[in-house]
Amino acid sequence: MAQKFFEPLKKLPQKIQNLPWVQKLQDLTTGKHTEQPHCYNASTYGIIDDPVCLAYDQDLCLLAVAYAHGRVAVYGAPGLSFPVDFAASEIGFIQFLRNEGRLVVSTGSKLVVLELEAETGHWKQKCSVELPFSKEEVLTALAVGKGAVYVGSTSGTLRQVAVRNGFMTVGEDELTSLSTNVILNKIPDAQRQQLNLPSTIVSIEVDSAGDHLVIGYAGGTAVIAEPQPIPVSVETPAPTEEAEAVLPADTTKAEPAPEAVSSEPPAVAPTEAQPEHPTETEQPSEKSKEEPSASKEPEPAAEKTASEKEREEKTGTAEKRKDHLQAMRAEASKKFRTLSKTLRNTLMERSEEQKQPTESPVPVPPSPRVTHVLPYTQALCCASWHVTSLEPSQLLQVIVAYDDGAHLAWNIPVPEGTQEDPIICTNQENATIPYGPLPCAPIRKIMTRSSVNGGVITVIVGGLPRAEHSDKHTVSVIGGVDEHVCFQFSSPVRDFVILPPNSGKSVSPAAAATTETESAERQQSSAEEGTATEEAAAETTEPHVTQPATPTESGYLLVLTERELVAIDLTQPSWPVIPSPYLGCVSCSPVTASAHIALPEGLKKRLESCGGASAEDCPFKNWPIRGGALECTAEAANEEDGETAVPAHCSASLAHNASNDMLALGHANGDVSLWALGRGDFLRCLCHVHVFSVLEAGDACHTEHKALRDL
């Protein structure tokens with residue numbers, strides 16, 4: 001009876017501890033948070049953290065991802081990531097300078113160039129310029145053209161920044177920028193109202209040749225402009241070695257001899273130093289005048305003694321002055337010698353520096369010339385070149401996406417002769433609404449490329465019906481009649497790029513050995529041909545000019561979302577998704593705890609088998625990013641044939657990590673996920689453990705055991 005009476009009191013301390021006000025009191029005293037689980041350990045290893053945009057270098061096959069908090073990450077092949085020694089408060093846009101190993105980053109009103117050091121593999125800042133923005137002006141668009149970087153802002157002004165060898169120069173707005181007032185002044189007054197200018201520049205894109213650029217304004221108008229040629233900079237001739245050699249020779253001639261200074265000092269020096277006192281030359285004349293007067297007129301002995309004392313004092317002071325002046329001249333000669341030596345050293349250093357190539361200020365081209373204006377009634381979201389084939393053609397086409405979920409292709413007519421005023425184009429075709437006729441969400445970005453299998457592939461972000469799918473995050477890929485897939489993601493889409501088809505083909509070890517011999521033979525033949533042309537090229541060296549990216553066939557689609565990086569293979573008929581070796585989605589549930597564990601080899605294999613992940617077949621061999629060089633060797637698959645170890649793809653050694661590092665993550669929904677770690681931000685999921693179901697089973701067993709005990 002007493003046990004039943006006191007049994008509820010046993011659980012009283014636990015109930016008091018679970019009271020909300022008691023938990024808050026414990027939080028204040030201990031500094032912990034027990035209301036909701038949180039993770040206070042920050043780590044960006046292989047995980048996306050609020051990305052902004054991405055960029056791809058089609059020649060170096062490198063991928064760069066920018067984050068909102070000011071961090072930049074550069075990735076190559078699976079297992080390879082480059083450290084970036086740069087941090088900023090915020091990042092808006094990034095663009096590669098094609099095949100230069102340089103990256104342009106926009107931070108606020110600044111443009112920064114990051115350069116890859118080949119010796120260390122680090123990306124470091126090389127140059128930065130400040131754009132002449134007003135206080136409320138914000139950078140909204142960025143594109144790399146032929147020898148220039150084009151920048152758009154909320155004021156509707158297009159600015160040019162000249163770039164060469166990693167150095168940039170900002171031009172004056174009056175001479176090099178293109179404002180909306182300049183465009184309106186060239187259009188008749190009756191047609192100015194339909195342009196909805198001035199408005200914010202939302203997109204800038206340069207064609208493959210760099211001869212035209214399309215500018216999209218938020219008001220609904222798109223403008224075609226022709227960049228002007230870069231003015232030739234007249235470099236000032238550097239001083240020759242003969243002229244530099246004369247300077248130290250003249251300085252040595254002007255150096256006085258120390259013996260002459262100490263023996264016979266010049267008489268002008270004391271008058272310049274102390275003009276109020278009599279000079280040494282005047283003193284003997286006064287003495288000669290006083291001596292005959294003393295002989296003729298005898299004076300008393302007291303007067304003679306006083307005059308002698310005065311003479312002795314004068315002679316003593318004169319000797320002291322003479323010694324002091326000699327010391328001063330000696331010190332001046334020593335200083336002169338040291339000064340001449342320093343001048344010689346500085347001149348020698350300057351001559352050595354001038355022998356090395358120095359970068360002169362980069363000239364900025366004049367403001368682009370507006371050739372065509374494309375007005376429309378709806379608000380504009382994106383404007384890009386409509387690329388239907390890789391063959392060069394005279395006909396230019398622009399595809400524009402609008403706020404009502406429609407896109408429209410514009411044919412740009414060729415002007416007849418030289419025409420100063422821009423052509424106002426009219427489109428007779430109707431706009432295409434992929435998910436119409438119901439009101440649709442705006443298409444935030446659009447891009448068209450020619451397909452590998454023939455035809456044209458169009459990629460759009462958004463554009464779904466607003467009533468049913470306004471809260472969904474999608475990327476639609478539209479090909480032929482039966483090729484239309486809408487990819488849905490769990491987080492908002494930040495950016496996407498289309499990669500060429502040959503960037504994702506992996507090479508087997510046996511094929512790598514054969515290609516090495518072929519490449520060696522090609523290198524020998526090219527080296528023999530190169531030696532003949534090196535001499536001619538050295539005589540006529542031209543500075544490297546930055547070139548815009550050239551459109552390629554659509555091989556892979558790389559989509560950057562808020563939580564993951566997804567690659568889609570457009571060369572396959574079903575357009576499958578390729579597993580990502582880095583920047584993958586950890587989980588839809590927030591991470592609340594993490595632990596780094598080193599596992600034995602046997603336990604790791606058992607976890608892989610439980611989760612269905614096999615370490616033998618690496619799923620990242622078809623990853624499209626193949627840039628960089630990673631020194632890793634993998635033995636050939638057939639060791640019985642006697643094949644030796646040859647350089648193979650890096651993904652072959654990713655699954656066999658020697659340290660067997662694993663990351664255990666706890667989530668808010670009670671699940672635990674296990675991830676395999678590797679070099680280069682490599683992160684692969686091994687398995688997911690649903691702890692909540694295990695706990696429920698344990699509670700059920702405990703209640704059954706208690707019921708049996710009561711019986």
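In this predicted model, four aromatic pairs are counted. The rings of Tyr-75 and Tyr-582 form a stacked pair, because their centres lie 4.5 Å apart and their planes meet at 15°, an angle under the 30 degrees that marks stacking. Tyr-75 belongs to strand β3 (residues 72-75), whereas Tyr-582 is located in the loop between β29 (577-578) and β30 (591-598). The pair therefore ties together parts that are 507 residues apart in sequence. With a relative accessibility of 1%, Tyr-75 counts as buried, and Tyr-582 is likewise buried at 1%.

A further pair is formed by Phe-96 and Trp-123, whose ring centres are 6.2 Å apart and whose planes stand at 70°, so this pair is edge-to-face. Phe-96 is part of strand β6 (residues 93-97) and Trp-123 is part of strand β9 (residues 123-130), so the contact joins parts that are 27 residues apart in sequence. Phe-96 has a relative accessible area of 6% and is buried; Trp-123 is also buried, with a value of 0%. Ring pairs additionally link Tyr-75 and Tyr-582 with Trp-623 into a cluster.

The charged end of Arg-71 sits over the ring of Tyr-67, at 4.3 Å from the ring centre. The charged end of Lys-445 is placed over the ring of Phe-496, 4.7 Å from its centre.

Strands of a sheet pair through backbone hydrogen bonds, in either a parallel or an antiparallel sense. Within the sheet, strand β27 (residues 556-561) and strand β28 (residues 565-569) are paired in the antiparallel sense over five bridges. Leu-557 has Ile-568 in β28 as its bridge partner.

Leu-19 is found in the loop between α2 (12-17) and α3 (20-30). The relative accessible area of Leu-19 is 32%, so this residue is partly exposed; the value lies over the 30% required of residues in a patch.

Notes
Residues are numbered from 1 along each chain as its sequence is written. This is a predicted model: local features need pLDDT of at least 70, side-chain atom pairs count only at pLDDT 80 or more; totals for chains, interfaces and linings use all residues. Side-chain values use heavy atoms; hydrogens and water are left out. Helices (H or I, at least four residues) and strands (E, at least two) are DSSP runs, numbered from the N terminus. Buried means under 20% relative accessible area, exposed over 50%, partly exposed in between (1.4 Å probe, protein chains only). Rings of Phe, Tyr and Trp (its six-membered ring) pair if their centres lie within 6.5 Å; planes under 30 degrees apart count as stacked, over 60 as edge-to-face and the rest as tilted. A charge sits over a ring if NZ of Lys or CZ of Arg is within 6 Å of the ring centre and within 35 degrees of the ring normal. Two strands pair if DSSP finds at least two bridges between them.
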